[in-house]
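User: I would like to learn how to read some features of a protein model. Please give the general idea each time, then the case at hand.

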Amino acid sequence: MTIENVRLILVVVLSFMAMLLWDAWQRDYGKVPTPIAEVAPTLPSVRATDSPPLPAVAAAPVAPPVAPTAPPTALASPPSQQPILVETDVFSLEINPAGGTFQKLKLRKFPESVADKKRLFALLDQSATRDFIAQSGLKSAGESADHYAKFQVESHSYTLSQDAQNLEVPLSWESSTGVRVTKILGFKRGSYEVTERFKVENTSSAPWKFHHYQQLQQVVVPIGHQLVPTFTGVALSSPVSRYEKFDYENLAEEPLDRTAAGGWLAMVEHYFVVALLPAAATQQHYYSFVIGADRYVLGYYGPETELAPNASVSIDSRLYLGPKLQEVLPSVAPGLELTVDYGVLWFIAKGLFWTLNELNLLFGNWGWSIVVLTLLIKLAFYPLSAAGYRSMARMRVVQPRLMQLRERYADDKARMNQGMMELYKQEKINPLGGCLPILVQIPVFISLYWMILESVELRQAPFIFWIHDLSIKDPFYVLPVLMLISMWMQTRMNPTPPDPIQAKVMQIMPLAFGVFFAFFPAGLVLYWFVNNVLSISQQYYVTCQIEAAAAAAKPSRP
């Protein structure tokens, strides 16, 4: 197989990849998100059917969750109440006293967009564009301290002071029979974890049986404006499987029904995750169901607890509500770092991110860190790429002789190919050598793509001048144009294929790649452009050496 045929195959493969990405683009942009009905911002989305599917009989074995057969179409909300406002160095949280529901949570260090730094990203919210809440409680056969119960509060405003490391927000509830429940929410400086402690005191004359639970509710709508969509769905970790992913569509057909000791359950989106973290040693039942067409409810409940008269008990759990920070997630829960989904080449992507992060600590700029990372990758593969460039340089030297063979055996393809192979053998040319630099870069390129796309650390990371966010496309398409020019220069340095059709294909490739890369993250295009510049320099140096040696080896004419 000649070098020209190999290049043609590469063009076909890349064209096929482009077709698949274009199909994904059409599916993504062709969908029109279904608008969500406006919901009062201070009320949780509660319905008669959104409680955890506990066993029908308290003493019976745990039964699988059953989705409601006829859920109501309208929201049923408790009376409006003034929310509890909690301010920490990383959170701005609104809690509804009705059930202690987390109804709005803004992340102070993550603006909604680069253009509007004052508008914070709302991970939890209830609005016309987002409906996502977190709930917890104690469910019993009678009165319950669940997400419908009206809790009493000491204050409607809590702030983590500058000299404090911790903040506690207590909510209290008491049944008519004498059961007192205190729900204590704990916040820590610099942490996206929230601890929950239910202190239960039974001052009645009868035992009180209940289940502890946590659950999330979200109205799921199609995500737009992504060339290649990242994973959005549900993740589960248990002793059976360290990490499992579930698409929302699959959960609608086959609800989650799993019993395990420990683990965690989360709703995952591009850069952020909301994870329910039960006590590790307790057996939990994980469940999910769908209300209507698009409201997904998932959570877990623990075993039944029977509290004797005049006895008390405490039940602890946690939530993680924040960005998928790779240095933080492993310490929160085992396997939670896997929500940063790097795909099948994760082992390469993790190494690239570690190196890039260390470079960013040194330079203080993710863009310059990508430039230096590209240089390090180029140095690592220097011997291999140099061998490929030497092969292409030798091809340039023998190009006139190849053209002569083509003209001489124009009507005899077999004899022409035989002559070309003899020439390659005589000049010690590897016809596949020119492809090695491209083939070696493909795994690194794919890994770097997912690393830049998935790493929240690069979200809204600026570079220089007009590039204010390396995780999205260049707004003025300057980098794609520069990359197009660099690819054109590389094409000019390569030996021209003898076949005119293949030559035209090679000429069109820079333009095709320029258009293709126009929609890629700016950080990835920056890598490819810098890599091209370094490749051009290396190829020019090697080519000059080979051509000088070839010129010196020619016999001098008398």
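User: In which sense do strand 9 and strand 10 pair, and over how many bridges?

Analyst: Strands of a sheet pair through backbone hydrogen bonds, and the pairing is either parallel or antiparallel. In this predicted model, strand 9 (residues 179–188) pairs with strand 10 in the antiparallel sense, over nine bridges.

User: What is the order of the strands in the open sheet?

Analyst: The open sheet has nine strands, in the order 6-8-9-10-20-16-15-12-13, with antiparallel pairing. Its edge strands, strand 6 (152–153) and strand 13 (244–246), each pair on one side only.

User: Where is Thr-203 placed, and is Thr-203 buried, exposed or partly exposed?

Analyst: Thr-203 sits in the loop between strand 10 (193–202) and strand 11 (208–219). Its relative accessible area is 38%, so Thr-203 is partly exposed: the class runs between the 20% limit for buried and the 50% limit for exposed.

User: Which residues is Thr-203 in contact with, leaving aside neighbours within four places in sequence?

Analyst: The contacts of Thr-203, with those neighbours left aside, are Gly-178, Val-179, Arg-180 and Asn-310. With Gly-178 there is a polar approach: a polar atom of the Thr-203 side chain lies 2.3 Å from the backbone oxygen of Gly-178. For separation in sequence against separation in space, take Thr-203 and Ala-311: they are 108 residues apart in sequence, and their C-alpha atoms are 7.4 Å apart.

User: Where is His-270 found, and which backbone oxygen does its side chain reach?

Analyst: His-270 is in the loop between strand 15 (264–268) and strand 16 (272–277). The His-270 side chain reaches the backbone oxygen of Leu-453 at 2.6 Å. His-270 counts as buried because its relative accessibility is 17%, under the 20% cut-off.

User: How do I read the packing of helix 5 and helix 6?

Analyst: Two packed helices are described by the angle between their axes and the distance between the axes. The axes of helix 5 (residues 366–380) and helix 6 come within 5 Å and cross at roughly 70°. The two helices are therefore roughly perpendicular to each other. Lys-378, Leu-379 and Ala-380 of helix 5 make the contact with Tyr-382, Pro-383, Ser-385 and Tyr-389 of helix 6.

User: What span does helix 6 reach, and which of its residues are buried?

Analyst: Helix 6 (residues 382–397) has 16 residues and reaches 22 Å from its first C-alpha to its last, close to the expected 22 Å. Its buried residues include Ser-385 and Tyr-389, both of which also take part in the contact with helix 5. Also buried in helix 6 are Ala-386, Gly-388, Ser-391, Met-392, Ala-393 and Met-395.

Methods: Residues numbered from 1 in each chain as written. Predicted model: local features only at pLDDT ≥ 70, side-chain atom pairs only at ≥ 80, totals over all residues. Heavy atoms only, no water. Helix = DSSP H or I, 4+ residues; strand = E, 2+ residues; numbered from the N terminus. Buried < 20%, exposed > 50% of the residue type's maximum accessible area, 1.4 Å probe, protein only. Contact = heavy atoms within 4.5 Å. Polar contact = N/O pair within 3.5 Å; in protein donor to acceptor, adjacent residues only side chain to side chain. Expected span 1.5 Å × (residues − 1). Pairing = 2+ DSSP bridges. Axes fitted to C-alpha atoms, helices over the stretch in contact; angles between N-to-C directions. Parallel < 35°, antiparallel > 145°, perpendicular 65-115°, else oblique.
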